[in-house]
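Open your viewer, switch to a cartoon view and get ready to select residues by number.

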Amino acid sequence: MRSAAAALCVMWAAMATLRGVVALGNGGGISDNHFIDDYFYDDDAISLVTASTSIPSDFLGESVVLAVEQASVYKEFMLHASRTQDVVVFMSTSPDARQVFERAVRRLDDDALSTTRFFALPLPPPSSSPPDDDGAGFDEPIVSFHSVHSLPSIPKSGLHVVVTYPASGPRSLAVHASNAKMVQASTSEDDWVARLQSQLASFTATPAPPSSPSSVMPSMMTVAIVLYVGVAVIPKVAANWQWWVTFCQSKRIWFGLSLFGLYLSLSGSFYSIIHGAPLFHLSGQGFALMHPQPQRQFALEGLFGGMLPFVVSAALLTITHGMPYLLNPDHRFHSVVMCAMVLGTTCFLEHALFTSKNRWYRLF
């Protein structure tokens with residue numbers, strides 16, 4: 001039992017170290033932009049273009065903070081093929097943050113306002129109440145900014161995103177890491193002005209040409225590793241080949257490899273490595289270990305969830321294989337109670353994890 005527990009701890013530490021190396025190579029687990037790409041789960045390859053011939057006249061005014069009733073006109077304006085203005089969209093669940101954004105836009109120069117449009121969109125949480133009888137019927141779809149941008153879910157608070165849509169290129173309403181950035185609700189009016197001025201400068205800046213690799217030769221570190229393996233490692237392995245054969249024939253080795261493969265499957269480590277999932281999410285809004293979408297996960301979330309079945313197995317093995325060696329009835333009773341507490345706690349955590357990822361399910 002001790003060797004099995006030690007093997008599980010070693011496997012968990014190895015996977016955490018591997019995911020840490022991958023996360024550092026991708027910029028770490030605190031990137032807001034990477035979290036946007038995972039959060040909205042949007043397909044940025046889909047582009048939509050309207051077939052109308054004139055830009056809606058409702059957007060000839062100076063509206064910045066839009067109402068939900070203007071969602072359909074907003075969508076027509078954004079997807080119009082004749083749109084010549086760049087657009088900066090601020091999506092927020094906070095009315096106060098949208099008002100601060102509007103005051104910052106009003107402080108910009110008139111030249112900037114003539115070439116770029118700024119919109120602040122409300123993102124209230126989705127409501128499950130049916131429409132009123134005197135309003136839109138069940139057969140008439142309710143258009144909101146939530147549905148216009150195909151956002152899968154909106155929290156009740158704490159979501160503030162700035163999205164840019166240049167006038168050049170195909171028309172699309174996708175929200176992904178390349179055109180969106182998360183901001184804090186406490187961003188002041190002066191900070192907004194500086195941020196918007198920087199965004200306007202990026203619209204007019206000439207894109208840098210793609211840089212070609214400076215050299216195709218491998219790095220000196222790679223050459224050194226290859227030389228070390230060829231000169232030092234391989235001769236030592238060849239000189240002790242009998243020990244390596246005995247090592248590979250050990251049942252404990254294959255048992256550990258089997259547990260390691262099972263743990264990789266249960267924790268979703270292959271998914272995390274393929275999709276480059278960060279270890280966790282950390283921003284000004286706080287720390288997030290659980291991914292908000294049921295189709296996605298953070299690396300530590302998967303590593304923690306993959307350990308729960310092993311905890312259940314360890315508790316059951318303790319009852320079936322450990323208790324026969326306990327001759328004292330009191331020790332057996334305490335062992336059963338402790339294993340039952342471990343099983344109950346593990347089942348509770350499994351239920352809590354499942355309901356947090358699938359909010360439609362409620363057992364209690």
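We will visit a sheet, a helix beside it, a single residue and then a pair of helices. Keep in mind that this is a predicted model.

**Stop 1: the sheet**

Begin with strand β1 by selecting residues 86–92. Is this strand buried or exposed? Seven of its seven residues are buried, so β1 is largely enclosed by the rest of the structure. Now show the side chains. In a regular strand, side chains alternate between the two faces of the sheet. Colour Asp86, Val88, Phe90 and Ser92 for one side of β1, and Val87, Val89 and Met91 for the other: both faces are covered.

Select residues 116–122 to see β2, which runs parallel to β1 and is joined to it by seven bridges. To find one of these links, look at Val89, whose bridge partner in β2 is Phe119. Then select residues 160–165 for β3, which runs antiparallel to β1, with six bridges joining the two. Here Val87 has Tyr165 of β3 as its bridge partner.

Val163 will lead you across, as its bridge partner in β4 is Ala180.

With everything selected, you have an open sheet of four strands in the order β2-β1-β3-β4, with mixed pairing. Its edge strands are β2 and β4 (180–182), each of which pairs on one side only. On average, neighbouring strands in this sheet are turned by 15° against each other, ignoring direction.

**Stop 2: a helix on the sheet**

Select residues 95–106 to bring up helix α4, which packs on the sheet and touches β1, β2 and β3. The direction of α4 makes about 165° with that of β2.

**Stop 3: one residue**

Zoom in on Val148, in helix α6 (residues 145–148). With a relative accessibility of 7%, Val148 counts as buried.

**Stop 4: a pair of helices**

Finally, select residues 299–322 (α12) and 329–357 (α13). How do they cross? Their axes come within 10 Å and cross at roughly 155°. The two helices are therefore roughly antiparallel to each other, and α12 passes α13 in a left-handed crossing. Show the side chains of the contact, among them Phe304 and Leu308 of α12 and Val342 and Leu349 of α13. The contact residues divide into 13 nonpolar, four polar and three charged.

Conventions
Residues numbered from 1 in each chain as written. Predicted model: local features only at pLDDT ≥ 70, side-chain atom pairs only at ≥ 80, totals over all residues. Heavy atoms only, no water. Axes fitted to C-alpha atoms, helices over the stretch in contact; angles between N-to-C directions. Parallel < 35°, antiparallel > 145°, perpendicular 65-115°, else oblique. Left-handed = near helix turned anticlockwise from the far one by under 90°. Contact = heavy atoms within 4.5 Å. Nonpolar A, V, L, I, M, F, W, Y, C, P; charged D, E, K, R; others polar. Buried < 20%, exposed > 50% of the residue type's maximum accessible area, 1.4 Å probe, protein only. Pairing = 2+ DSSP bridges.
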